[in-house]
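Here is a short briefing on one protein structure. Look at the sequence and the model first, then work through the points below.

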Amino acid sequence: MSHDPHSECRGWHSIGNLLCDDKSAPIAWLGAPLGERSLTPGRCDLAPSVIKATLPRISTYDLEGGQDLSDLRIYDGGDVFLKAMAPVDAFAPLRDRVAALCARHSLIIMAGGNNAVTRPGVHGLAQAMDVDFDRIGLLTLDAHFDLRDTDCGLTNGNPVQALLDDGFPGKNIAQIGLQPFANTRRMHEKAKKAGIYVQTINAVRERGITSVLETALNRLEQDTDAIYVDFDIDVISRHEAPGAPGGRPDGMTSHDFFNATRQILRHAKVRAIDLTEFDPALDVSDITALVAGRWVAEVLSGYRLREI
């Protein structure tokens with residue numbers, strides 16, 4: 001990643017400049033470099049450092065909306081040490097770190113890592129809020145249900161199933177962007193039986209991402225105190241995010257992904273989010289890294305819109 005160390009002197013203020021050691025900052029950043037037990041072996045553990053290295057390339061100014069984010073501050077919580085840890089061993093360190101940050105900050109941005117980070121993230125949010133699961137909502141933007149059975153252990157393919165096994169109510173889950181020929185009938189039947197709100201990628205195209213998310217968020221905010229959001233980058237079409245091992249052709253456009261991010265983060269009950277399934281070893285010309293960097297900017301834009 002190239003970066004001009006003198007760019008700030010020339011008026012360039014980047015998202016990377018917002019990271020700081022101020023524990024009173026409203027937003028916190030956490031790296032979760034979990035890569036073990038991925039169904040497609042790879043290097044998702046490299047993603048947090050690559051995303052952070054990309055942030056200096058992303059401006060704090062949105063010329064279309066006239067929005068300037070340069071006065072925001074993000075506490076840099078560093079990375080949780082997860083080297084060679086399986087999801088079962090990474091659970092407690094991630095849960096406890098998310099809980100500690102949620103207790104001090106109004107929004108937590110967790111950079112994964114594979115999708116197994118989502119389960120401890122949800123647990124951490126509930127722990128910080130001191131509420132049962134029935135007071136937490138879960139929204140996923142993902143090509144997959146992540147409802148594989150857990151009898152052979154925890155992987156990046158079953159965090160949602162693991163949460164259901166933990167007692168998380170299916171009615172408090174909404175899954176957006178699921179793709180044809182990327183899931184099984186059994187998973188679909190599980191989702192329906194659990195009462196999960198499901199909207200496929202074709203529903204997103206037909207109804208529009210704004211409408212789909214409005215319905216999902218309205219559903220999740222009922223009787224919940226906080227919402228956790230998993231942004232699995234493989235929901236995006238493969239050509240727009242080649243560094244996503246599970247990405248497929250004909251997925252969500254990056255345009256819809258960015259708009260969805262801003263809309264979701266505008267919701268005041270969204271307290272913790274993650275970005276998962278980015279493998280820098282598969283990336284081409286930094287395409288996926290730049291998508292991830294822009295995603296962070298859209299997160300901050302949505303958060304700023306809460307004030308309006």
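The largest pocket is lined by 20 residues, and Asp-62, Arg-262, Arg-294, Ala-297 and Glu-298 lie nearest its centre. A pocket is an open set of points on a 1 Å grid over the protein atoms alone, with protein on both sides within 12 Å along at least five of seven lines; lining residues have an atom within 4 Å of a point. The model is predicted: local features need pLDDT of at least 70, side-chain atom pairs count only at pLDDT 80 or more, and totals for chains, interfaces and linings use all residues. Residues are numbered from 1 along each chain as its sequence is written, and side-chain values use heavy atoms, leaving out hydrogens and water.

**Pockets**

- The largest pocket holds about 410 Å³ of space. Such a volume is the space filled by probe spheres set on the grid points, which are joined across faces, edges and corners.
- Strand 3 (61-62), helix 8 (254-265) and helix 9 each give two or more residues to the lining of the largest pocket. Helices (H or I, at least four residues) and strands (E, at least two) are DSSP runs, numbered from the N terminus.
- The lining of the largest pocket has seven nonpolar, seven polar and six charged residues. Here Ala, Val, Leu, Ile, Met, Phe, Trp, Tyr, Cys and Pro count as nonpolar, Asp, Glu, Lys and Arg as charged, and the others, Gly among them, as polar.
- The second largest pocket has a volume of about 330 Å³. Of its 20 lining residues, Leu-39, His-144, Arg-148, Asp-234 and Gly-246 are the closest to its centre.
- By class, the second largest pocket is lined by five nonpolar, nine polar and six charged residues.

**Cavity**

- The whole structure has one cavity of 30 Å³ or more. A cavity is a set of grid points where a 1.4 Å probe fits but cannot get out.
- The largest cavity has a volume of about 60 Å³. Its lining includes Pro-87, Phe-91, Ala-116 and Arg-119.
- Helix 2 (87-104), helix 3 (118-129) and helix 4 (159-166) each supply at least two residues of that lining.
- The cavity lining divides into seven nonpolar residues, two polar and one charged.

**Cores**

- The largest nonpolar core has 55 residues, of which Leu-139, Leu-141, Ile-176, Phe-231, Phe-257 and Leu-300 touch the most other members. Such a core is a set of buried Ala, Val, Leu, Ile, Met, Phe, Trp, Tyr and Cys residues joined through side-chain atoms within 4.5 Å.
- Helix 9 (residues 287-305) gives the most to this core, with nine residues.
- A second, separate core has 38 residues, including Ile-108, Met-110, Ala-116 and Leu-178.

- Helix 4 is largely enclosed by the rest of the structure, because six of its eight residues are buried. Buried means under 20% relative accessible area, exposed over 50%, and partly exposed in between (1.4 Å probe, protein chains only).
- Helix 3, strand 7 (136-141), strand 8 (173-178) and helix 5 (185-194) are among the elements covering those buried residues.
- Just after helix 4, Gly-167 takes a positive phi of about 105°.
- The side chains of His-123 and Asp-166 are joined by a polar contact of 2.8 Å. A polar contact is a pair of N or O atoms within 3.5 Å; within protein, one must be able to donate a hydrogen and the other to accept it, and residues adjacent in sequence count only if both atoms are side-chain atoms.

**Thr-276**

- Thr-276 sits in strand 11 (residues 270-276). Thr-276 is buried, with a relative accessible area of 0%.
- The side chain of Thr-276 makes a polar contact with the side chain of Asp-230 (3.2 Å).

**Backbone details**

- Gly-112 and Gly-113 are joined by a cis peptide bond, with omega about 20°.
- Ala-84 is not a glycine, yet has a positive phi of about 65°. Ala-84 is exposed, at 62% relative accessible area.
- Asp-286 also has a positive phi of about 65° without being a glycine. Asp-286 lies in the loop between strand 11 and helix 9.

Definitions and conventions:
Contact = heavy atoms within 4.5 Å.
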